[in-house]
Amino acid sequence: MHDYKKHPWTMVYAYFIYILGGFGVTAGAHRLWTHRTYKANTKLKVILLLFYSMSGMYSVVDWVRDHRVHHKYSDTNADPHNINRGLLFAHVGWLCMKKHPDVIEKGRQMNMSDVTDDPLIRFHTKYYQWFHLFFCFVFPAIIPPLLWGEPWMVSILANSFVKYVALLNAVWTVNSLAHYYGNKPYDRNLRPTQNLLVAFLTKGEGHHNFHHAFPWDYRASEFLYIFHITTIGINLFNKLGWAYDLKTVSPEVLQKTVERYGDGTHELNQYKELPSNGF
Ligand SMILES: [Zn+2]
Ligand SMILES: [Zn+2]
């Protein structure tokens, strides 16, 4: 007899491993290795590589190269997921098609030595398919049947495949929806936007206008919301001393950028409209 009472535990567990895999992408591949927004000790690097393996994405080196090219040549032919080629192309189409020659050329020119010289990344890149096979598909599926008796088929479907597809699509929304829908309080000349739905799905990454304006900032946003799990996680590791030298944009630079380049939707603009006595 099938016991449906076990499913809620499996759903909570699936969401938990979805968060861990996503954290490996956002705090690891993105904010640590691509942008160097903070420094991490070896223990944290190992944890981030294992979490990254839970996402099942391609190698860290390829991720970092693509993302550095994306920032440097945003929304041009050299951008791997150029939004000007359409929402579907930016979401997933770019992974199904041959790369534009400009993407390949600019990718080759990109300085990657900080990543390719890291022995941990080199080791992970050499065996990443095995890491991904185990941490994305095998390990997540074996826990629920062993610990609370979830049927194997349900666990494999939920924790390996549904989680994998959900996580990939969540990450891809940053390249599609957060380059398409939303306001631009920090720089109206950029295509990237502030998109709350994407921010919720990706632990904060949807505040993409902020991120493209200040890519060296370790935070998802100048504001801290409960679902900014990436920022909260880095803060916790900072408390442990495992993450350090966290970079942030200064309030003065932020204010000047908002005033000079923003589209007028930042709350600073609302304060400006108040009478001088403020009441
Ligand atoms: Zn972007
Ligand atoms: Zn970035």
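This is a predicted model: local features need pLDDT of at least 70, side-chain atom pairs count only at pLDDT 80 or more; totals for chains, interfaces and linings use all residues.
Side-chain values use heavy atoms, with hydrogens and water left out; residues are numbered from 1 along each chain as its sequence is written, and chains are lettered from A and ligands numbered from 1 in the order in which they are written. The protein chain has 14 helices and two strands, where helices (H or I, at least four residues) and strands (E, at least two) are DSSP runs numbered from the N terminus.

**Overall shape**

- Along the principal axes, the C-alpha trace spans about 70 × 50 × 40 Å.
- Of the 279 residues, 49% count as buried (buried is under 20% relative accessible area, exposed over 50%, partly exposed in between, with a 1.4 Å probe and protein chains only).
- The chain exposes about 14,300 Å², with carbon and sulfur atoms supplying 64% of it (Shrake-Rupley method, 1.4 Å probe; for residues, only the protein chains shown count as cover).
- Among contacts with a separation of 6 or more, 67% join residues 24 or more positions apart (contact means heavy atoms within 4.5 Å).

**Zinc ion (ligand 1)**

- H70, H179, H208 and H212 coordinate this zinc ion, each through NE2, at 2.1 to 2.2 Å; donors are N, O and S atoms within 2.8 Å of the metal (3.2 Å for Na, K and Ca), and water is not among the atoms, so sites may look incomplete.
- The donor spacing in sequence is H-x108-H-x28-H-x3-H.
- H179 sits in the loop between α9 (152-175) and α10 (196-201) and H208 in helix α11 (residues 208-213), so the pair links distant parts of the chain, 29 residues apart.
- Both H179 and H208 are buried.

**Zinc ion (ligand 2)**

- The protein donors here are H30, H35, H67, H71 and H211, again through NE2, lying 2.0 to 2.2 Å from the zinc ion.
- Their spacing in sequence reads H-x4-H-x31-H-x3-H-x139-H.
- H30 is in helix α1 (residues 7-34) and H67 in helix α3, so this pair ties together parts 37 residues apart in sequence.
- H30 and H67 are buried.

**Nonpolar cores**

- The largest nonpolar core has 42 residues, and W33, Y38, L44, L48, Y52, M57 and V60 touch the most other members (a nonpolar core is a set of buried Ala, Val, Leu, Ile, Met, Phe, Trp, Tyr and Cys residues joined through side-chain atoms within 4.5 Å).
- Helices α1, α2 (42-55), α3, α8 (128-148), α9 and α12 (229-240) each supply at least two residues of this core, and α1 gives the most, with 11 residues.
- Another core lies apart from it, made of seven residues that include Y186, F210, A213 and F214.
- Leaving aside neighbours within four places in sequence, L48 is in contact with F23, G24, A27, G28, L32, W33 and Y38.

**Two residues to look at**

- T10, in helix α1, is buried, with a relative accessible area of 3%.
- Not counting residues up to four places away in sequence, T10 touches P144, W148, E150, A158 and N159.
- D62 is found in helix α3 (residues 60-72) and counts as partly exposed at 32% relative accessibility.
- D62 and A29 are 33 residues apart in sequence and 9.8 Å apart in space, C-alpha to C-alpha.
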